[in-house]
Amino acid sequence: MKKKQKIAQRHKISFKLNSKDVSCDVKASAVLMDVIRDVLELKGTKPGCREGECGACTVLINGSPINSCLFLAINAEGKKITTIEGLTKEDGSLDIVQHELVQHGAVQCGFCTSGMAMSIKGLMNQHEKSNRGAGKNKKGQPSREEIKKHLEGNLCRCTGYVKIIDATEKLFVKEK
Amino acid sequence: MDFKITSPKNKAGLLKAMQEGKNFRFGAGYTDLLMELKKQEETSFTIINLAQLNDKTFTEINTISGGLRIGSLATAAEIVNDKFITQHFPALQEAAHSLASSQIREVATIGGNLCTASPSGDMACALMALEAQCEILSANGKTRTVPISGFFTGPRKTVLQKKEVLRSVLVPLLEKNRKLHSGFIKVGTRRSMECSVVSLAYHIHLDRNDSIVHAGVAIGASAPTIRFAKTACDLISGNNLKTISQKDKEEFAAKVVSYASPITDIRATAWYRKEVLFNISKSIFE
Ligand SMILES: Cc1cc2nc3c(=O)[nH]c(=O)nc-3n(C[C@H](O)[C@H](O)[C@H](O)COP(=O)(O)OP(=O)(O)OC[C@H]3O[C@@H](n4cnc5c(N)ncnc54)[C@H](O)[C@@H]3O)c2cc1C
Ligand code: FES
Ligand code: FES
């Protein structure tokens with residue numbers, strides 16, 4: 001008891017969560033996933049392995065996917081965080097990533113899905129970013145192999161991945 | 001898990017934290033550190049958080065005379081996407097690309113990969129083949145440079161002293177338009193996640209006729225530390241990459257394997273590791 005209280009050092013952090021400014025008080029050791037779920041009460045980000053293996057906790061930081069279970073909340077300071085709740089549009093309609101996953105029947109139990117969707121969104125963001133101002137040297141749509149490689153950090157125990165990859169491929173065809 | 005943390009924003013703040021701190025550890029991308037800390041109830045040390053440090057020598061990748069300086073806080077994702085690295089140091093680009101998953105590459109730093117001193121560190125293995133130099137900054141503001149061959153002193157051990165931090169790595173560029181044969185091979189149990197069973201980085205400079213001018217070969221996950229296979233490199237120097245004989249290839253592979261002292265563990269037996277290492281060593285000529 002006594003010892004623990006001595007250590008407990010609180011930090012005030014502010015960042016953008018799904019386009020809204022938020023601030024909160026966190027322990028130094030708090031990981032972003034727990035802050036998102038327990039303090040900010042957005043439960044779409046899923047706790048799976050808590051070891052960086054499964055990807056269920058994937059969120060975007062400044063547009064790129066990270067494991068929120070291995071990310072210190074204090075390092076979210078000043079950053080833009082997007083969770084699955086932030087993908088859905090204001091009017092409640094689905095983002096194209098969510099739409100394609102549904103259309104392809106790429107969701108079974110759904111536990112991996114929010115992380116999967118964020119990871120796919122991250123790939124789209126990165127693709128768009130590297131093509132911005134690339135002129136003629138624009139990258140074509142990613143191959144199935146590249147999609148698989150990108151989704152390596154997202155485990156799914158149900159679907160066998162094929163439909164998830166199909167859905168992702170379709171997104172890039174649409175993008176053009 | 002609980003700890004104290006301090007987040008210096010610039011070099012002066014970092015040096016101050018290092019001078020004043022009695023018992024501290026650094027944190028960069030935390031992909032190794034958090035796993036380690038999660039196993040402990042309480043920690044007696046403070047963490048000096050490098051993630052908010054705004055200092056170019058720590059964060060940027062820049063060409064310098066004679067090569068490239070990579071800040072210790074450069075992430076695997078930044079290395080994967082760097083055009084200069086892709087062109088001149090394919091072994092490093094491929095190693096960074098094979099590390100963990102896209103989510104982890106986004107935060108895992110090259111400095112963390114070196115300082116954690118795991119025998120299976122992927123970027124560390126490539127840097128060994130590239131004969132990089134480590135630039136170390138001490139709390140008094142002085143820097144020293146250590147060749148990577150002297151950086152690892154044992155499993156999870158480095159030459160870093162108590163009040164020292166890894167600032168950057170320097171990768172020498174022998175000659176700008178040299179032909180290269182450079183890459184990274186990793187054999188793992190499940191895709192690229194998890195530690196590798198064995199890994200091999202090679203960076204071979206060729207002349208116009210494909211004769212080997214200089215070779216750098218390093219192995220990972222095969223000994224207590226990553227190792228530079230010096231005698232194997234010497235053996236193939238002067239040979240022609242395209243016409244090297246089967247006998248020389250096998251002799252080269254045997255020399256590479258002689259640097260390995262693999263263990264039998266949950267992932268593979270020592271025998272299997274040696275076999276794999278022999279075969280991938282040979283395969284770099286094919
Ligand atoms: C699921 C998973 C899969 C992984 N797969 C791989 C893999 O395939 N290949 C691989 O090589 N690694 C892998 N790793 C390990 C890890 O991601 C890498 O070693 C990574 O590069 C560590 O960098 P970091 O910035 O996260 O380090 P941190 O965790 O922040 O730090 C690691 C260590 O280095 C010290 N340190 C960090 N920076 C400095 C510095 N500048 N100066 C002095 N000390 C410093 C810290 O004190 C700590 O002891 C994996 C990890 C996980 C969780
Ligand atoms: S919960 Fe974060 S990767 Fe599994
Ligand atoms: S749908 Fe069940 S884990 Fe992916």
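The questions below concern the ligand site and the interface.

Tutor: This is a predicted model, in which local features need pLDDT of at least 70, side-chain atom pairs count only at pLDDT 80 or more, and totals for chains, interfaces and linings use all residues. Residues are numbered from 1 along each chain as its sequence is written, chains are lettered from A and ligands numbered from 1 in the order in which they are written, and side-chain values use heavy atoms, with hydrogens and water left out.

Student: Why is the site of ligand 1 shared between chains?

Tutor: A residue counts as near the ligand if one of its heavy atoms lies within 4 Å of it. By that rule 34 residues surround ligand 1, the closest including B:Phe26 and B:Gly29. The site is shared because the residues around ligand 1 come from chains A and B.

Student: At what distance does a polar side-chain atom of B:Thr31 lie from an oxygen atom of ligand 1?

Tutor: A polar contact here is a pair of N or O atoms within 3.5 Å; within protein, one must be able to donate a hydrogen and the other to accept it, and residues adjacent in sequence count only if both atoms are side-chain atoms. For B:Asp32 the distance from a polar side-chain atom to a ligand 1 oxygen is 2.7 Å. For B:Thr31 the corresponding distance is 2.6 Å.

Student: How many salt bridges are counted between chain B and chain A?

Tutor: A salt bridge requires a side-chain nitrogen of Lys or Arg within 4 Å of a carboxyl oxygen of Asp or Glu. The interface of chain B and chain A has 11 residue pairs in polar contact, both at pLDDT 80 or more. For salt bridges between chain B and chain A, the count is zero.
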